[in-house]
Protein chains: 2
Amino acid sequence: MELHGQHLIGSATSAEAEATFTAIDPRTGTPLATAFHDATPAEVDRAFRLADAAHPTFENHGRTARAAFLEAIAVGIEALGDPLLERASAETGLPLARLTGERGRTCAQLRMFAALIRNGSHLDLRIDHADRERQPLPKPDLRSMNRAIGPVCVFGASNFPLAFSVAGGDTASALAAGCPVVVKAHPNHPGTSEMVGRVIAEAVANAGLPEGTFSLLHGEGHAVGAEMVQHPAAKAVGFTGSFRGGRALFDLAAGRREPIPVFAEMGSINPVFLLPERLARSAVDLANGISASVTLGVGQFCTNPGLLVAVNGPGLDEFVATLADALQEVEETALLHQGIKVGYESGLDRLCGVDGVELVFRGSAERACGARPCLATVPAKLFLAQPELHQEVFGPSTLLVACRDVEEMRAVARALDGQLTATIQASDDELALCGDLLPILEQKAGRVLFGGYPTGVEVCHAMVHGGPYPATTDSRSTSVGTGAIHRFTRPVAYQNMPEALLPEELRDAAPGGLSRLVDGEREG
Amino acid sequence: MELHGQHLIGSATSAEAEATFTAIDPRTGTPLATAFHDATPAEVDRAFRLADAAHPTFENHGRTARAAFLEAIAVGIEALGDPLLERASAETGLPLARLTGERGRTCAQLRMFAALIRNGSHLDLRIDHADRERQPLPKPDLRSMNRAIGPVCVFGASNFPLAFSVAGGDTASALAAGCPVVVKAHPNHPGTSEMVGRVIAEAVANAGLPEGTFSLLHGEGHAVGAEMVQHPAAKAVGFTGSFRGGRALFDLAAGRREPIPVFAEMGSINPVFLLPERLARSAVDLANGISASVTLGVGQFCTNPGLLVAVNGPGLDEFVATLADALQEVEETALLHQGIKVGYESGLDRLCGVDGVELVFRGSAERACGARPCLATVPAKLFLAQPELHQEVFGPSTLLVACRDVEEMRAVARALDGQLTATIQASDDELALCGDLLPILEQKAGRVLFGGYPTGVEVCHAMVHGGPYPATTDSRSTSVGTGAIHRFTRPVAYQNMPEALLPEELRDAAPGGLSRLVDGEREG
């Protein structure tokens, strides 16, 4: 596929702005071929007008057609073959093996949502039959189901050029819900974005769907995204990225004449609590496990364990020494782009500059976007007094908080902001201690792990990749797993509606296999 | 019950502010006995600190205990007997018969949520079993369920002194979810609020729940509510009231360091589309039905049909004449309070002052809070050009939009803001026309009716009392029916958690009768 560098606005291509930008290989600093353009306000407007016009037609095309459409996108992405992975690798510095896995996840997500909407369980079908004889007033027939919320803005994430980008989880769940999607491509992998975007546009055309079902816009700075979020036709926003970016989009959306929901997943420090006996028994294993989790993907996962909480005592010194050794062995690797590199180094400078923070190891990198791990420690008392130590440093670093006792460990837990994950490492004899910690962590995190490490987010029904602010801007949602579809639906009730006018899933003669709550009892 | 006029802050009473206010009987303008105080910032802070401390204990008390607690509140409200209804009638001007019905609804809602949480279907239990052999990585065991979001601010509504007030739908659904509640009593019925609040406080004590489970604060102006919504421990807001009030709370909540969701139901104009043949055949019946719906409860329902949309042609003149006659026969009745009276009359002045709006009937009222109905008409072309005609006038008035043809009727539908309801009145021969209108109305409203009138909101599983902005600030929610509980829950996932640490509903050995999604298949 030869890249053209243009926006995809419905079935047309467009590039009205004169200024251009290019992607850069972070491993070498080399600009890559093909110039891309910032979308103009007129281009943003065209994309959303088309999306708005497409909404009811696309949704009413039906679940089976939408499922086939999602599957066609997966097939199309696979058909792009190695050139997609090569371009993605050049734009992000991520190795081909990782991108191969990410492509698998991307296509699996599309197929998971196809299966979900074929099954129809996301519709939350409810039927309450009429009772015409009821006194003092007759009871009407009421039926409700989840409908598509309308056009969705999706922001591609830099750290998942496939799985949280143009055809990633946000797009897949929004399309599955029946919502047209306008994607803002991440400016650091515009070529990857174009390749996948053209696959979606082709799938739209092949399926005979309205062209406004999908558009892809490029933009280097913040202006294009701001324009998108403020467009009157936009009805929801999906975003994975930095706290600053997510909050800015949230504020724009909340300030609209018609506020719209923003589902921004902004990452967190994902605390790991190392209980005393577990630490005493397994210091070396834990240190090696943490090292692998901290440095996976050069620490550029939202679930990177950026905070370790332990009690001073047996095993702690061995743990710290082993972890430092393991981190030192990790070679310099390129971060995704220069912005992340600058943020990582300045974040570490800030962290290490706090009085009482003791640096154990900080590797120095030689290349422009290169990074090496960092480990620091701080006494709990100081951590509790310094809210800035609670903030994420995006990259392969972690901070160990040393507590006097388990009570102080609980105080640390209570002091934390909202998190995507919280992990308890405990021995089988420490379940009572876990029982004291768990009610705190359940309030702080979207996912609580017993053992293991937070990186690696399983894509399934029971996954919650979300959590209280500032992990996300909406703790009532998940951006991974089948539950993600509910970000983009809203319930609609039909009262005394004739069978012929009802959505088919709510008819007495509905297709088989649907689960419905009928007069309070589950059927099917 | 002798009123004391104090706040209920956990198990204590408090009244630290010196300035006081009293309720006024809107039928006579007479101040009622008992002085109430504005809550001070320190009192607000105490209520939320107690709520925050109560949260995990209250939730972990378990569903059965919470269900019994909700039922005890219903029993306690019934035990207040006639004095509750009499005080509510004196504070609102609503007749005893209406308040008797509203008390029944209030207690039925509490019992409905008790039954819901006993059943556990709101928990959305999901289990994905581990697969330790999976390649390239083992699959973890993941289980998720809905948990309580945390302390909820509930604002009592003026137009439902029982069913959307201290123990109304917002409080019942929040407590059912396991959230402590801090209620801001509506200043126009503080005595009714105290009576019900004391019932809840007593139920908290009798059930051995933490005292912070419930608090009730008074306040005449906006300051107390603003303080509440901005308290760091508040995690969600339930509100039913004016657009201005709801939007102000939304803006405060969105501007917090940690933004919190606001579920504000702000009303709408609830359009009724009168299709040509139906109008030609049933002009008189429709006129009488509309008249009853417009004037029910002196037009003070969120679902009041404030907009009628018809096509010029057979039946329209007869419809307008009959409706005007019916409205003229409705006697002057007291609105809830002076603020609503002022808003009603100035809203009508604004409406009637628009060029092209033709006044058919506007009754004049003689008493301070008295109101009589109003009917005006406007050509569709003008309605489309004048967005201010799309705004709600809260009270017993309605505006008829006369269209050239059904295409213009659809243009009117497209031009509307978000609505709680939209109603189609059509004959059986007009289903094709309905089919053209329905896809528009589904995008505009939370509930679409075929026949009937929008007032009368059934409390059941399939009800959606919500809708796109400005009907509410969150179209993904309902404030009536069992779905209302989801406003106050968020999902939490547990990864590889030992059976003993899991919430009992997610254990392998869970209590019987729970519906769970196990590896994608529904069980139970």
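Residues are numbered from 1 along each chain as its sequence is written, while chains are lettered from A in the order in which they are written. In this predicted model, local features need pLDDT of at least 70 and side-chain atom pairs count only at pLDDT 80 or more, whereas totals for chains, interfaces and linings use all residues.

**Figure 1. The relation between chain A and chain B.**

**Figure 2. The side of chain A that touches chain B.** Here 61 residues of chain A are in contact with 61 residues of chain B; two residues are in contact if their C-beta atoms, placed from the backbone, lie within 7 Å. Elements that each supply at least two residues to this side of chain A include α1 (41–60), α8 (243–254), α14 and β23 (489–495). Helices (H or I, at least four residues) and strands (E, at least two) are DSSP runs, numbered from the N terminus. The largest share, 7 residues, comes from α14(A). By class, this side of chain A has 31 nonpolar, 18 polar and 12 charged residues. In this classification Ala, Val, Leu, Ile, Met, Phe, Trp, Tyr, Cys and Pro count as nonpolar, Asp, Glu, Lys and Arg as charged, and the others, Gly among them, as polar. The copies meet through the same surface, because 100% of the interface residues of chain A are also interface residues in chain B.

**Figure 3. Helices α13 and α14 of chain A.** Two packed helices are described by the angle between their axes and the distance between the axes. The axes of α13 (residues 406–415) and α14 (residues 431–444) of chain A come within 9 Å and cross at roughly 10°. That makes α13(A) roughly parallel to α14(A). Angles under 35 degrees count as roughly parallel, over 145 as roughly antiparallel, 65 to 115 as roughly perpendicular and the rest as oblique. Axes are lines fitted to C-alpha atoms, for helices over the stretch in contact, and angles run from 0 to 180 degrees between N-to-C directions. From α13(A), A:V406, A:R410, A:A413 and A:R414 meet residues of α14(A), including A:L433, A:D436 and A:L437. The contact of α13(A) with α14(A) has 6 nonpolar, no polar and 4 charged residues.

**Figure 4. A:V309 in the largest nonpolar core.** This core has 338 residues, and A:V309 is one of those that touch the most other members, as are A:L70, A:V237 and A:V401. A nonpolar core is a set of buried Ala, Val, Leu, Ile, Met, Phe, Trp, Tyr and Cys residues joined through C-beta atoms within 7 Å. A residue is buried if 20 or more other C-beta atoms, placed from the backbone, lie within 10 Å of its own, exposed if 12 or fewer, and partly exposed in between. Not counting residues up to four places away in sequence, A:V309 touches A:P271, A:V272, A:F273, A:L274, A:V401, A:C403, A:M409 and A:V412.

Figure 5. A:L217 is in strand β11 (residues 214–217) of chain A and counts as buried, with 28 C-beta neighbours inside 10 Å. Residues touched by A:L217 include A:H7, A:A39, A:V182 and A:V224. A:G306 lies in the loop between α9 (276–295) and β15 (307–311) of chain A and also counts as buried, with 27 C-beta neighbours inside 10 Å. A:I269, A:N270 and A:E392 are among the residues that A:G306 touches.

**Figure 6. Backbone features in loops.** Most residues other than glycine have a negative phi, and most peptide bonds are trans. A cis peptide bond joins A:Y469 and A:P470, with omega about 5°; A:P470 is in the loop between β22 and β23 of chain A. Another cis peptide bond joins B:Q135 and B:P136, with omega about 0°. B:N270 has a positive phi near 45° and counts as buried, with 28 C-beta neighbours inside 10 Å. B:N496 has a positive phi of about 55° and counts as partly exposed, with 16 C-beta neighbours inside 10 Å.
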